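Subject: Structure handover

Hello,

Here is the structure we spoke about. Please look through it first, then read the notes below.

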Amino acid sequence: MADARPFHWEFKPEPVAREVFRVEGGRRLSGSVSVGGAKNAALKLMAAATLTGERCRFTNVPEIEDVRVLTEVLRDIGVTVDHPERNVYEIASGDVDWLFVPLEAAAKMRASFILLGPLLTRFGRVIISNPGGDRIGRRPVNLHVDAMRALGAEIDYRNGYYFAKAPGRLRGGAINFPQITVMGTENAMLAAVLADGHTTIEPAAREPEVDDLIEFLRKMGAQVERTAPNRIEIEGRRRLRGADHSVVPDRIEAGTFIAAAGATHGKITLTGATCDHLGSFLDVMASMGVSVSCGADTIEVDATNADLEDLACCDIETQPYPGLATDLQPPTCVLLTQARGSSRVHEAVFEDRLEWLVELRRMGADVEIEDQHHAVINGPSPLHGADVEIGDLRAGASLILAALVADGVTHIRGAHHVHRGYEKIDAKFLELGARIERLSEGT
Ligand code: UD1
């Protein structure tokens with residue numbers, strides 16, 4: 001049971017072991033590499049496991065920092081999380097005795113807010129840190145909170161924490177989001193599956209990771225269905241059971257490697273991957289001249305026939321699924337630096353996702369940043385090694401791509417951000433023939 005004590009804790013971010021990637025560019029990638037399970041599915045599946053006291057088992061879970069942080073958060077509140085072998089996690093939430101998700105969790109990982117819905121609906125209350133607090137940047141969760149209120153939750157906000165209560169059981173209702181939100185949709189769904197009555201979520205996000213969560217919830221006995229492309233309907237149940245699930249392949253990791261093969265004019269095979277969720281991104285690849293062939297669970301990329309000059313420029317715009325994923329905007333931008341002509345980039349989902357282009361420019365890219373949402377990339381530009389800094393996960397992986405293309409040596413500081421979402425990225429690039437090593441900062 002939560003008490004008031006934690007709110008007097010002084011928040012001090014833990015020191016992070018800072019790392020640097022050292023990359024020697026100029027080699028074409030070749031060979032085969034495996035793609036893991038999707039970060040953005042695994043975290044929500046693990047949260048869903050708290051909806052039942054029975055054991056849930058997940059396979060194909062990526063061994064990444066965000067999964068490690070969520071594991072820690074779950075164990076802190078009394079959930080048993082076993083990790084019997086690599087990529088396998090078993091979760092049993094019989095004894096949850098501490099309904100409190102602290103700022104430390106939110107500071108490390110915004111996705112910890114996904115625990116709001118399941119803990120509130122199962123236990124009737126939770127106190128959870130606001131990842132949008134001033135201390136860690138502007139990351140709104142207002143739509144998640146509004147969704148819980150639409151299901152009858154009472155939520156107060158004090159000292160950086162949401163104090164959420166469900167008098168009795170949450171009750172089904174109509175959740176109408178003013179815009180599409182992936183985690184907002186998922187949080188709403190996780191709350192509604194144990195609510196009393198019928199819930200409609202509109203417009204609901206269509207990302208494959210949302211559908212993976214729906215599939216798992218149905219295995220748990222939930223009555224949840226996508227009744228139209230942008231509508232999810234749920235009939236609440238009193239109780240859910242444990243279930244097993246293999247996490248859907250990570251389309252963002254796959255797209256990152258496809259762009260890397262294209263940018264280095266390499267030839268690679270991805271295993272454990274599917275083209276099914278990459279439609280808009282593959283359209284961009286096709287129009288640029290990167291050849292991609294799709295098998296049942298393999299993807300082959302061949303860019304060896306294209307000389308640098310032959311990659312064609314392409315205007316791109318990120319959108320909610322099935323549009324081009326905002327998480328694939330950075331790797332696509334690296335590829336655009338190697339394409340002939342001017343490409344317009346419209347980042348329509350987030351306001352801060354073009355900032356990393358400043359670092360790309362330091363490596364010789366010809367980039368004009370027009371405003372928070374628009375940039376122009378002129379190419380092809382020869383990139384050169386530089387000392388650059390990673391600000392976030394996807395930008396970090398893309399600076400590695402740029403370094404693979406660049407002439408000379410690049411040092412990329414802040415490498416730990418990349419481990420949040422990519423399992424063994426340096427080892428995977430090594431397997432493909434890249435020259436990359438991970439160093440502690442200062443060595
Ligand atoms: C998820 C993914 C992230 C991906 C993003 C968009 C996870 C853990 N993360 O993030 O990798 O880039 O989808 O595909 O799954 N917004 C609000 N208020 C809210 C919630 C969102 O204003 O309460 C805004 C955001 O600032 C953003 C837009 O809505 O501009 C879409 O964000 P959203 O779809 O919610 O992204 P996440 O679910 O956080």
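In which loop is Asn87 found? Asn87 sits in the loop between β4 (80-85) and β5 (88-92). Helices (H or I, at least four residues) and strands (E, at least two) are DSSP runs, numbered from the N terminus. Asn87 is not a glycine, although it has a positive phi of about 70°.

Some background on the values. This is a predicted model, in which local features need pLDDT of at least 70 and side-chain atom pairs count only at pLDDT 80 or more, while totals for chains, interfaces and linings use all residues. Residues are numbered from 1 along each chain as its sequence is written, and side-chain values use heavy atoms, with hydrogens and water left out.

Domains

The chain is assigned domain 1 (19-36 + 249-440) and domain 2 (39-246); such bounds come from an automatic or database domain assignment. Taken over C-alpha atoms, the centres of domain 1 and domain 2 are 31 Å apart. Contact, meaning heavy atoms within 4.5 Å, involves 17 residues of domain 1 and 18 residues of domain 2.

Between them, domain 1 and domain 2 bury about 1400 Å², and carbon and sulfur atoms give 46% of this area. Buried area is the accessible area (1.4 Å probe) that two parts lose on being put together, summed over both. In domain 1, the residues that lose the most area to domain 2 are Tyr321, Arg420 and Glu423, together 41% of what that side buries.

There are three salt bridges between domain 1 and domain 2, each a side-chain nitrogen of Lys or Arg within 4 Å of a carboxyl oxygen of Asp or Glu. Arg420 also forms a salt bridge with Asp66, at 2.9 Å from N to O. On the side of domain 1 that touches domain 2, five residues are nonpolar, four are polar and eight are charged. Here Ala, Val, Leu, Ile, Met, Phe, Trp, Tyr, Cys and Pro count as nonpolar, Asp, Glu, Lys and Arg as charged, and the others, Gly among them, as polar.

Disulfide

The structure holds one disulfide, that is, a pair of cysteine sulfur atoms within 2.5 Å. This bond joins Cys275 to Cys294, with 2.1 Å from S to S. The torsion about the S-S bond of Cys275 and Cys294 is about -90°, so the disulfide is left-handed. Cys275 lies in the loop between β15 (267-271) and α9 (279-288), and Cys294 lies in strand β16 (residues 291-294), 19 residues apart.

Cis peptide bonds

The bond from Glu202 to Pro203 is cis, with omega near -15°. Pro203 is in the loop between β11 (198-202) and α7 (208-219). The bond from Tyr321 to Pro322 is also cis, with omega near 10°, and Pro322 is in the loop between β18 (316-317) and α10 (329-337).

One more loop

Asp310 is in the loop between β17 (298-302) and β18. Leaving aside neighbours within four places in sequence, Asp310 is in contact with Met288 and Asn305. Asp310 and Val290 are 20 residues apart in sequence, and their C-alpha atoms are 9.6 Å apart in space.

Regards
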